[in-house]
Amino acid sequence: MQTVFSWFKPNRRREIREDRKHLEARARRLLKGYLSADSPRKQRYYEVIAGAAAACQPDFSDPNLENAQLSQATAEAALKVVKLREHQRIADNDQVAALITDAYATVAVAYRRASAAYATDEEMQKLRTAAVHLLTMAISYMAAQTDEAAQK
């Protein structure tokens, strides 16, 4: 079980530094793009974000794992995708590739919420909150689309 004091451990600070380096600018760019998008483009954002979130879900189900551990595993999976795409220079070759990489970054930031990774960083907390809201909207939108398709 994590305590409040574990948030101050060196590996938490390192995690925040790494997130700032790989995730922060990308998540902010995606959120700004979403806010300025028209309705059809917002739907595309929902699809990409929900897809990134689904792709990062752990493929194991251990009933002993807590939500924070599952969230951390999801965040780490999304971060790995961002790093891989950056390393392969996929991230900024075109707008679609950048959007996909930014979606994974946003998913990583959002899933850091439940793991309390940003407890000591106010700016990252604000970004995390916005990312969680957008992720929730995207998942809800995709669930509604699935329900609508099933009814036809």
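Reader: Before I look at details, how many helices and strands does the protein chain have?

Author: The protein chain of this predicted model has five helices and zero strands, and from the N terminus on its elements run α-α-α-α-α.

Reader: And what share of the residues is buried?

Author: Of the 152 residues in the protein chain, 39% are buried.

Reader: What about contacts between residues at least 6 apart in sequence, how many of those join residues at least 24 apart?

Author: Within that set of contacts, 70% join residues at least 24 apart.

Reader: Let me turn to packing; at what angle do H4 and H5 pack, and how far apart are their axes?

Author: Helix H4, which covers residues 95-112, packs against helix H5, residues 122-151, at an angle of about 110°, and the two axes are 8 Å apart. H4 and H5 are therefore roughly perpendicular to each other, given that angles of 65 to 115 degrees count as such.

Reader: Which residues make that contact?

Author: From H4 the contact takes Thr 106, Val 107, Val 109, Ala 110, Tyr 111 and Arg 112, while H5 contributes Leu 127, Arg 128, Ala 131, Val 132 and Leu 135. By type, the residues of this contact between H4 and H5 are eight nonpolar, one polar and two charged.

Reader: How do H2 and H5 pack, in terms of angle and axes?

Author: H2 and H5 pack at an angle of about 95°, again with a separation of 8 Å between their axes, and that makes H2 roughly perpendicular to H5. On the H2 side the contact is made by Gln 43, Tyr 46, Glu 47, Ile 49, Ala 50 and Ala 53, and on the H5 side by Leu 134, Leu 135, Met 137, Ala 138, Tyr 141 and Met 142. The residues of the contact of H2 with H5 comprise ten nonpolar, one polar and one charged.

Reader: Take Leu 23 then; what is Leu 23 in contact with, leaving aside neighbours within four places in sequence?

Author: Leu 23 is in contact with Glu 18, Leu 79, Val 82, Ala 105, Ala 108 and Val 109 on that basis.

Reader: I also wonder about Asp 19; where does Asp 19 lie, and is Asp 19 buried or exposed?

Author: Asp 19 lies in helix H1, and with a relative accessibility of 0% Asp 19 counts as buried. Not counting residues up to four places away in sequence, Asp 19 touches Glu 24, Leu 79, Arg 112, Tyr 118 and Met 124.

Reader: On to the rings, how many aromatic pairs are there?

Author: The count comes to three aromatic pairs. One of them joins Tyr 34 and Tyr 45, an edge-to-face pair at 6.0 Å centre to centre with 75° between the planes. This pair links distant parts of the chain, as Tyr 34 is in helix H1 and Tyr 45, eleven residues apart, is in helix H2. Both Tyr 34 and Tyr 45 are buried.

Reader: And why is the pair of Tyr 34 and Tyr 46 tilted?

Author: The ring centres of Tyr 34 and Tyr 46 are 5.7 Å apart and their planes stand at 45°, so the pair is tilted. Because Tyr 34 lies in helix H1 and Tyr 46 in helix H2, the pair ties together parts that are twelve residues apart in sequence. Tyr 46 is buried, as is Tyr 34.

Reader: Which residues do the ring pairs link into a cluster?

Author: The cluster consists of Tyr 34, Tyr 45, Tyr 46 and Tyr 141, linked by ring pairs.

Reader: Last topic, H3; what can you tell me about Leu 70 and Leu 84?

Author: Leu 70 lies in helix H3 and counts as partly exposed at 28% relative accessibility. The C-alpha atom of Leu 70 is separated by 8.1 Å from that of Gln 57, 13 residues apart along the chain. Leu 84 also lies in helix H3 and, at 46% relative accessibility, counts as partly exposed. Between the C-alpha atoms of Leu 84 and Thr 101, 17 residues apart along the chain, the separation is 9.6 Å.

Terms used:
Residues numbered from 1 in each chain as written. Predicted model: local features only at pLDDT ≥ 70, side-chain atom pairs only at ≥ 80, totals over all residues. Heavy atoms only, no water. Axes fitted to C-alpha atoms, helices over the stretch in contact; angles between N-to-C directions. Helix = DSSP H or I, 4+ residues; strand = E, 2+ residues; numbered from the N terminus. Parallel < 35°, antiparallel > 145°, perpendicular 65-115°, else oblique. Contact = heavy atoms within 4.5 Å. Nonpolar A, V, L, I, M, F, W, Y, C, P; charged D, E, K, R; others polar. Phe/Tyr/Trp six-rings, centres within 6.5 Å; stacked < 30°, edge-to-face > 60°. Buried < 20%, exposed > 50% of the residue type's maximum accessible area, 1.4 Å probe, protein only.
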